[in-house]
Amino acid sequence: MPVAARFRIGEVSKQTRTSVGALRYYESLGLLQSVRGENGYRYYPPEAIQQVQFIKKAQALGFSLEDIHEVLHVHQQGDVPCEFVRSLLQEKIAQLEDQIQKMQAFKAELEDYRDRWATTQPRPQPGDICPLISTVSL
């Protein structure tokens, strides 16, 4: 890699607004690649800037670093990973729908406790911290 066509980690960090620690972590996961100079510094190719921006955008959409690694792997094989990304996105949507249903059920359960406890004045038993919470069954 010619000297003019490479960036040190601090330059990549500054241009992408990503911490040096995060860049090292991305590299340890195989999301980024660098070469070591004779001086021991990491040198990144110009496309590293675009890759870090891609990683950050994918994370903003809820993709895990493992998901991103898979997408980058498909890309590195010479394929356009858009269909794969669509399938990952559909999985994320399904997961969110499931989480929303669980959260709505939990909210309804909490509202039920709130309403029951509004009219309840339980007497503390020895050792009780809060008699209301003591009424909750596990």
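In the predicted model, strands S2 and S3 pair in the antiparallel sense, and 2 bridges join them. Within this pairing, Arg36 is placed opposite Arg42 of S3. The two strands belong to an open sheet of 3 strands, which are arranged in the order S1-S3-S2 with antiparallel pairing. Strand S2, covering residues 35-36, and strand S1 form the edges of this sheet, each of them pairing on one side only.

The residues of H1 that are buried are Ile9, Val12, Ser13 and Thr16. When H1 is viewed down its axis, these buried residues fall within an arc of 100°, and they therefore line one face of the helix. Just after H1, Arg17 adopts a positive phi of about 55°.

Val12 of the buried set in H1 is also listed, with Leu23, Tyr26, Leu31, Leu32 and Ile68, among the residues that make the most contacts inside the largest nonpolar core, a group of 19 residues. At least two residues of this core are supplied by each of helix H1 (9-16), helix H2 (20-28), helix H3 (47-60) and helix H4 (65-76). The greatest contribution comes from H3, which provides 5 residues. In soluble globular proteins, nonpolar side chains tend to be buried together.

When neighbours within four places in sequence are left aside, Leu31 is in contact with Tyr26, Gln51, Ile55, Leu65, Ile68, His69 and Leu72. Two of these partners, Tyr26 and Ile68, are named along with Leu31 itself among the core residues with the most contacts.

Two annotated spans can be compared with the model. An unreviewed UniProt entry lists residues 6-74 as "domain: HTH merR-type". In the model, this span is 59% helix and 10% strand, and the C-alpha atoms at its ends lie 24 Å apart. For residues 86-116, UniProt gives the feature "coiled-coil region", again in an unreviewed entry. Over residues 86-116 the chain is 100% helix and 0% strand, with a distance of 45 Å between the end C-alpha atoms.

Definitions and conventions: Residues are numbered from 1 along each chain as its sequence is written. This is a predicted model: local features need pLDDT of at least 70, side-chain atom pairs count only at pLDDT 80 or more; totals for chains, interfaces and linings use all residues. Side-chain values use heavy atoms; hydrogens and water are left out. A nonpolar core is a set of buried Ala, Val, Leu, Ile, Met, Phe, Trp, Tyr and Cys residues joined through side-chain atoms within 4.5 Å. Buried means under 20% relative accessible area, exposed over 50%, partly exposed in between (1.4 Å probe, protein chains only). Helices (H or I, at least four residues) and strands (E, at least two) are DSSP runs, numbered from the N terminus. Contact means heavy atoms within 4.5 Å. The arc is that of the directions from the helix axis to the C-beta atoms. UniProt positions are given in the numbering used here, feature names are shortened, and annotations may be inferred rather than shown by experiment. Two strands pair if DSSP finds at least two bridges between them.
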